[in-house]
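Work through the exercises below with the model open. Try each task before reading its solution.

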Amino acid sequence: MPPQQQDGEVLQAYGHPKIAFFHLFWKVAAVLVYIFCGVFSSSFIANFVVIVLLLTLDFWTTKNLSGRLLVGLRWWNETTDEGSNWRFETLGEGQRQINKKDSACFWWSLYIMPVVWGLLGIIALVKISVDYLLVVVVAVVLSSANVVGYTKCSKQASGQLRDMARNAMTSGLTAAISRV
């Protein structure tokens with residue numbers, strides 16, 4: 001098989017290949033710019049701005065696009081006078097068709113990025129590079145916020161599916177008993 005057909009098959013295996021691409025692109029771009037920023041610029045401020053811009057694009061893409069389209073989950077936090085409230089949203093049962101490759105791409109990259117940034121933070125500590133440690137702290141905070149949000153959202157979605165299954169089973173048993 002020619003390589004072009006194989007590439008097309010790989011892309012067709014994803015339900016949302018463009019979203020999956022950008023989900024990974026911003027993450028990888030931020031890490032690569034962080035690692036190689038000294039090659040392009042000696043200005044910490046310019047490097048900081050570019051890396052934080054990439055991190056915010058990653059945060060926004062993950063939170064608002066890839067979470068909803070790749071795994072059918074969405075979260076947000078509302079602040080009211082009473083305090084802060086987490087809100088979660090999952091696609092309904094009829095709307096939810098999650099592609100396994102999309103899901104794997106989403107969850108693996110979501111959980112790996114805080115670890116990668118943590119390792120880069122350790123390297124910054126060893127080098128005693130306090131300024132670039134600040135970049136790592138921003139990266140860890142943004143990526144961890146998505147990890148916490150989607151982990152909570154996923155647990156709530158699992159609980160909702162369990163409740164729906166339990167209710168369906170209970171109503172089925174009730175209907176079967178009432179026929180007897």
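A salt bridge here is a side-chain nitrogen of Lys or Arg within 4 Å of a carboxyl oxygen of Asp or Glu. The model is predicted: local features need pLDDT of at least 70, side-chain atom pairs count only at pLDDT 80 or more, and totals for chains, interfaces and linings use all residues. Residues are numbered from 1 along each chain as its sequence is written, and side-chain values use heavy atoms, with hydrogens and water left out.

**Exercise 1. Find the salt bridges and describe their surroundings.**

Step 1. Apply the rule: the count is two salt bridges.

Step 2. Take lysine 27 and aspartate 58. Their side chains form a salt bridge at 2.6 Å, N to O. Lysine 27 belongs to helix H2 (residues 17-40) and aspartate 58 to helix H3 (residues 44-70), so the pair ties together parts 31 residues apart in sequence. Helices are DSSP runs (H or I, at least four residues), numbered from the N terminus.

Step 3. Check burial. Buried means under 20% relative accessible area, exposed over 50%, and partly exposed in between (1.4 Å probe, protein chains only). Lysine 27 and aspartate 58 are both buried.

Step 4. Take arginine 87 and glutamate 78. The closest N and O atoms of this salt bridge are 3.0 Å apart. Arginine 87 has 35% relative accessibility, so it counts as partly exposed. Glutamate 78, at 31%, also counts as partly exposed.

**Exercise 2. Describe how H2 and H4 are arranged.**

Step 1. Two packed helices are described by the angle between their axes and the distance between the axes.

Step 2. Get both values. The axes of H2 and helix H4 (residues 100-126) come within 10 Å and cross at roughly 10°. Axes are lines fitted to C-alpha atoms, for helices over the stretch in contact; angles run from 0 to 180 degrees between N-to-C directions.

Step 3. Classify. Angles under 35 degrees count as roughly parallel, over 145 as roughly antiparallel, 65 to 115 as roughly perpendicular and the rest as oblique. H2 and H4 are therefore roughly parallel to each other.

Step 4. List contacts (heavy atoms within 4.5 Å). The H2 side includes Leu24, Lys27 and Tyr34; the H4 side includes Phe106, Met113 and Trp117.

Terms used
Helix = DSSP H or I, 4+ residues; strand = E, 2+ residues; numbered from the N terminus.
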